[in-house]
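Subject: Structure handover

Hi,

Here is the structure I promised to pass on. Please open it alongside this email; my notes follow below it.

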Amino acid sequence: MIERLRDQGIRDEIVLAAMNAVPRHIFVDEALASRAYDDVSLPIGFGQTISQPYIVARMIEVMRNGATLNRVLEIGTGCGYQAAVLAQVARDVYSVERVQSLYERAMGYMQELKIQNVILRYADGNNSLPAAAPFNGIIVAAAATHVPQALLDQLAVGGRMVLPLGAQEQFLYLIERDAEGYRETRLEAVKFVPLLTGKI
Ligand code: SAH
């Protein structure tokens, strides 16, 4: 998987090492385990998916931009795979999930892998965010049509947010915050499940 990520253009060695350190098959059903390292998204129940390895690595590489991160926020824990990878590159990872069963399952995986710097929250990531702001990096793992204001507010000055935007047609965006304000850069086309509201 790591060689393929290199071929696909992932250059950040810290990100590649993080991807190498987290066993992806733990996070998918046994029936799908043989496909865990293919570059595909896979079902994790509740109509949700585990993101494909390339997109996980790409989002983290863009967010990190070569810097060591203190505090990172992820919206959309899902099975917890990306949170586990983030845990290798950031001091503290906060991750929010709106589906209670997924949140509970992710908790189990973090315990199983003895990952202690991921703080999981069962909440709607549109508005109910951890009180640990500001964050140096924010990753949103579900597509919104616009950037949630609460997330812009929680991004530290000097921080970087990576998120998919759009409905039928989606693109990855990088949002950088500096003392003057926010700068938005459009990256490649992507396909994510939608960012929803409320908890279930
Ligand atoms: N990060 C995951 C991918 C999760 S898919 C990985 O590593 O593979 C996107 C997740 O976002 C789903 O689990 C979905 O339930 C969750 N989600 C969607 N809208 C949300 C919201 N408003 N708040 C929190 N989680 C949300």
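Asn 117 sits in the loop between helix H5 (100-112) and strand S5 (118-122). Bear in mind that this is a predicted model. The side chain of Asn 117 reaches the backbone oxygen of Arg 91 at 3.1 Å. A polar atom of that side chain also lies 3.1 Å from the backbone oxygen of Ala 90. Leaving out residues up to four places away in sequence, Asn 117 touches Ala 87, Ala 90, Arg 91, Asp 92 and Val 93.

Ala 87 belongs to H4, and Ala 87 is buried. How much of H4 is buried? Eight of its nine residues are, so the helix is largely enclosed by the rest of the structure. The buried ones are Tyr 81, Gln 82, Ala 83, Ala 84, Val 85, Leu 86, Ala 87 and Val 89.

Tyr 81 leads on to the core. The largest nonpolar core has 51 residues, and Met 19 and Tyr 81 have the most contacts inside it. Helix H3 (residues 53-64) supplies the largest share of this core, with eight residues. Another core, of 21 residues, lies apart from it; Leu 73, Tyr 94, Val 96 and Ile 138 are among its members. In soluble globular proteins, nonpolar side chains tend to be buried together.

Now the contacts of Tyr 81. Not counting residues up to four places away in sequence, Tyr 81 touches Met 1, Met 19, Val 22, Arg 24, Phe 27, Ile 50 and Val 56.

Met 19 is in helix H2 (residues 13-21), where Val 15, Leu 16, Ala 18 and Met 19 are buried. Seen down the axis of H2, these buried residues fall within an arc of 160°, so they line one face of the helix. What do they pack against? The buried residues of H2 pack against helix H1 (2-7), H3 and helix H4 (81-89). At the N-terminal end, Asp 12 caps H2. A side-chain oxygen of Asp 12 lies 2.9 Å from the backbone nitrogen of Ile 14.

The largest pocket has a volume of about 540 Å³. It is lined by 36 residues, and the closest to its centre are Gln 48, Thr 49, Ala 141, Ala 142 and Val 193. Strand S2 (48-50), H3, strand S3 (69-75), H4 and strand S4 (90-97) are the elements that give two or more residues to the lining. S2 gives the most, with three residues.

Best wishes

Terms used: Residues numbered from 1 in each chain as written. Predicted model: local features only at pLDDT ≥ 70, side-chain atom pairs only at ≥ 80, totals over all residues. Heavy atoms only, no water. Core = buried A, V, L, I, M, F, W, Y, C linked by side-chain atoms within 4.5 Å. Buried < 20%, exposed > 50% of the residue type's maximum accessible area, 1.4 Å probe, protein only. Helix = DSSP H or I, 4+ residues; strand = E, 2+ residues; numbered from the N terminus. Contact = heavy atoms within 4.5 Å. Arc of directions from axis to C-beta. Polar contact = N/O pair within 3.5 Å; in protein donor to acceptor, adjacent residues only side chain to side chain. 1 Å grid on protein atoms, 1.4 Å probe; cavity = no way out; pocket = protein on both sides within 12 Å on 5 of 7 lines; lining within 4 Å. Points joined across faces, edges and corners; volume = space filled by probe spheres on them.
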